[in-house]
Amino acid sequence: MNYIRHLTGFFDRIVQDRNLNPTHISLYIALFQFWNVNRFRNPISITRDEVMQISKICSKATYHKCMRELHAKGYIKYEPSFNPFKGSMVILFNFSDELQAVQKRVSSPEKNLAEAEQVLNRKGTGSETGNKQALVSSINTTRTDKDYAEPLCYPLSVSG
């Protein structure tokens with residue numbers, strides 16, 4: 001199981017699904033964390049209170065509605081437990097397999113470029129942006145040692 005590929009596959013799916021809202025995504029990410037802690041073994045046993053706490057969902061009705069909808073849309077398989085001493089069972093599906101299937105079909109550099117342009121066009125950008133380097137925000141850049149060579153503040157000298 002590849003953590004990054006799975007999340008990439010999940011986010012690729014939710015981009016296409018207009019019926020999901022941030023509560024669904026938060027709930028899924030909380031379930032994913034439980035799955036990760038359990039070393040990606042299915043099924044996992046969950047308790048409503050723990051999942052609600054991690055996903056920041058305050059309403060039991062919202063929690064149950066989102067769980068049912070994630071189940072109905074094929075993101076998870078949810079088997080509720082009506083026993084308060086036994087956790088509900090959840091199976092999470094491996095979305096990294098879907099991503100690998102797409103990558104295996106593309107073999108040549110020309111096909112890679114064509115595929116990249118199709119993805120750009122599908123997401124509503126123009127084809128003219130496919131060949132240009134994207135501008136990257138500096139907010140996520142890391143500073144190197146040479147950036148720290150000059151101090152940002154100079155200490156005051158104490159005269160004696």
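Tutor: A residue is called buried here when its relative accessible area is under 20%, exposed when that value is over 50%, and partly exposed in between, using a 1.4 Å probe and the protein chains only. The model is a predicted one, in which local features need pLDDT of at least 70 and side-chain atom pairs count only at pLDDT 80 or more, while totals for chains, interfaces and linings use all residues. Residues are numbered from 1 along each chain as its sequence is written, and side-chain values use heavy atoms, with hydrogens and water left out.

The part to look at is helix 3, which runs over residues 48–55 and has V51, M52 and S55 as its buried residues. Viewed down the axis of helix 3, these residues fall within an arc of 100° (taken from the directions from the axis to the C-beta atoms), and they therefore line one face of the helix. On the face of helix 3 turned away from the buried side, the exposed residues are D49 and Q53.

What does the buried side of helix 3 pack against? Its partners are helix 2 (22–37), strand 1 (44–46) and helix 4 (60–72), where contact means heavy atoms within 4.5 Å. Just after helix 3 ends, K56 takes a positive phi of about 65°.

To place this helix in the whole, the protein has six helices and three strands, which are DSSP runs numbered from the N terminus (H or I, at least four residues, for helices; E, at least two, for strands). Followed along the sequence, they give the pattern α-α-β-α-α-β-β-α-α. Of the 160 residues, 22% count as buried, and among the contacts with a separation of 6 or more, 54% are made by residues 24 or more positions apart.

When its neighbours within four places in sequence are left aside, H6 is in contact with M1, Y28, F32, W35, F93, N94, F95 and S96.
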